Amino acid sequence: MKHIHRIRKSFSKSVGEQAFIALCVVLMAMTGLFSSCKVRDMRDRSAHQAADEAHGIPTPSESVTDSKPPENISKDNIGTGNGVMPDETGSAQTPPDSGQKPDISPSPEPAPTAKPEPAPKPVPSEEPAPGTIVNPYVRYTWDQMMDEAKKLRDAYPEWIELASAGTSVEGRDLLVIRLGKGDRKILLCGAHHAREYISSSYLMKMVEVYADKAAKGEPFGDFNPRELLSRVTMVVVPMVNPDGVNLVNNGLQAVSDREAVAAMVMVNPSYRHWKANINGVDLNRQYPALWEEKYDDVGQPASENYKGTASATEPEVQAMMALARSEDFMLSASFHAKGEVIYWADRGTVNTISGARDIARRMGKAAGYALMPVSEEPSVYAAGFENWFRLEFIRPSFCIELTPSNNTEDPHDDRKFDLLVWNKAKTLGLILADEALKR
């Protein structure tokens with residue numbers, strides 16, 4: 001029995017050793033297989049990574065969120081350089097495109113995985129974008145006006161024609177814009193007084209917006225500009241006094257005869273306050289309408305208030321008179337600053353012209369402007385454009401002071417154009433056109 005037990009013990013030990021050896025062999029085989037698979041996987045991953053890199057695809061070792069933004073973008077140029085200007089209320093006003101763009105360099109685009117079809121090259125437009133031509137948010141000049149007028153004509157050839165009423169003392173054209181194609185005509189003018197050039201940018205903005213709405217067939221407020229401008233033609237002289245405006249905005253060095261201007265009486269201390277033409281004559285005291293009775297406290301060429309040696313001596317006044325006589329205008333308006341009031345009648349013609357008060361009331365309600373009493377004293381009201389037009393044609397003519405008074409002779413801050421002028425007075429031209437149809 002002991003022998004048998006010894007044999008069994010020896011057999012068990014032998015079987016255990018053989019099992020252990022077999023297990024080791026299996027483990028060694030599995031280890032080799034795992035190692036082979038790992039090497040193959042690494043080789044496959046390496047091949048895919050190389051392919052991804054060749055196509056610009058980030059690999060797991062590259063973090064997209066870690067990429068740096070362009071170094072030339074900073075918080076200082078976010079929201080600037082795009083021509084947006086705040087008004088006094090803090091709301092953003094968008095002027096026409098100044099052409100300045102934020103200096104943002106684009107990041108390189110990844111190479112496509114498949115070659116795309118070539119995109120067609122954009123065809124450059126020769127026409128300016130509608131609604132982005134006139135820039136009233138700067139010191140408005142004759143040069144800018146002439147450039148913008150040509151662009152407006154090119155953008156809206158069906159609605160706009162350009163002409164000249166004559167030339168100023170220094171030879172600048174008195175631009176005439178004909179807006180519309182109707183038989184009824186109205187005459188609008190601005191900047192008789194040099195420092196009131198905001199009336200020029202107002203009229204230019206008016207021309208652009210009305211033409212754009214007419215071209216698109218879109219309404220503007222309660223009006224249909226296309227229908228109105230098909231029946232009425234607005235004849236607009238945005239800048240009656242271009243030489244004076246040039247002095248106000250470009251300084252004495254921009255004047256042809258600096259010595260002559262420097263020798264004139266300065267009623268106010270700065271050329272930014274200049275009202276007269278470059279001869280030192282106040283153009284709105286020059287028209288032959290009781291000119292002899294007009295008060296003149298200067299008596300010689302000056303920055304303002306001098307009425308000249310006789311009526312209509314100045315080329316700008318002569319040009320306006322000739323233009324007014326050249327066509328059958330139903331009514332007219334001369335735009336000025338400051339006061340937010342409408343002068344609509346004087347003692348000399350108030351009883352001979354019908355309907356003027358009602359037109360003035362309609363404009364006043366639309367813009368929030370006050371109506372002035374009938375002008376009674378010729379020494380005060382005589383020799384102005386509107387007084388001459390009433391007397392000459394026995395038809396309504398208005399002097400409209402566009403902007404609020406601010407107790408200074410300085411021109412307004414042009415960046416606030418919308419707040420100061422446009423938001424209130426934007427429909428006045430359409431009101432006058434509509435009233436012309438009733439006469």
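## Exercises on a predicted chain

In this chain, residues 24 or more positions apart account for 76% of the contacts with a separation of 6 or more. Please keep in mind that the model is predicted. The exercises below look at some of these links.

**Exercise 1. Find out which parts of the chain the aromatic pair of phenylalanine 220 and tryptophan 422 ties together.**

Solution. The count of aromatic pairs in the model is 12. Now place the partners: phenylalanine 220 lies in the loop between helix H3 (198-216) and helix H4 (225-231), while tryptophan 422 belongs to helix H11 (residues 417-425), so the pair ties together parts 202 residues apart in sequence. Both phenylalanine 220 and tryptophan 422 are buried. Then widen the view: Phe220 and Trp422 form one aromatic cluster with Tyr202, Tyr210 and Phe335.

**Exercise 2. Decide whether strand E10 (residues 397-401) is largely enclosed or open, and identify the strands it pairs with.**

Solution. First count the buried residues: five of the five in E10 are buried, so the strand is largely enclosed by the rest of the structure. Then check both faces. Ser397, Cys399 and Glu401 point one way, Phe398 and Ile400 point the other way, and all are buried. Now look at the neighbours. Strand E7 (residues 329-336) runs parallel to E10 and is joined to it by five bridges; serine 332 has serine 397 of E10 as its bridge partner. Strand E8 (residues 341-343) pairs with E10 in the antiparallel sense over three bridges, with isoleucine 342 opposite isoleucine 400.

**Exercise 3. Compare two salt bridges: where do their partners lie, and are those partners buried or partly exposed?**

Solution. There are 23 salt bridges in the structure. Take glutamate 304 with arginine 195, where the closest N and O atoms are 3.1 Å apart. Glutamate 304 sits in the loop between helix H6 (258-262) and helix H7 (315-326), and arginine 195 in the loop between strand E5 (184-190) and H3, so this pair ties together parts 109 residues apart in sequence. The burial cut-off is under 20% relative accessible area. Glutamate 304 is buried at 7%, and arginine 195 is buried at 10%.

Next comes lysine 424 with glutamate 340, at 2.4 Å from N to O. Lysine 424 is in helix H11 and glutamate 340 in the loop between E7 and E8, 84 residues apart. Here lysine 424 is partly exposed at 26%, whereas glutamate 340, at 18%, counts as buried.

Conventions: Residues numbered from 1 in each chain as written. Predicted model: local features only at pLDDT ≥ 70, side-chain atom pairs only at ≥ 80, totals over all residues. Heavy atoms only, no water. Contact = heavy atoms within 4.5 Å. Phe/Tyr/Trp six-rings, centres within 6.5 Å; stacked < 30°, edge-to-face > 60°. Helix = DSSP H or I, 4+ residues; strand = E, 2+ residues; numbered from the N terminus. Buried < 20%, exposed > 50% of the residue type's maximum accessible area, 1.4 Å probe, protein only. Pairing = 2+ DSSP bridges. Salt bridge = Lys/Arg side-chain N within 4 Å of Asp/Glu carboxyl O.
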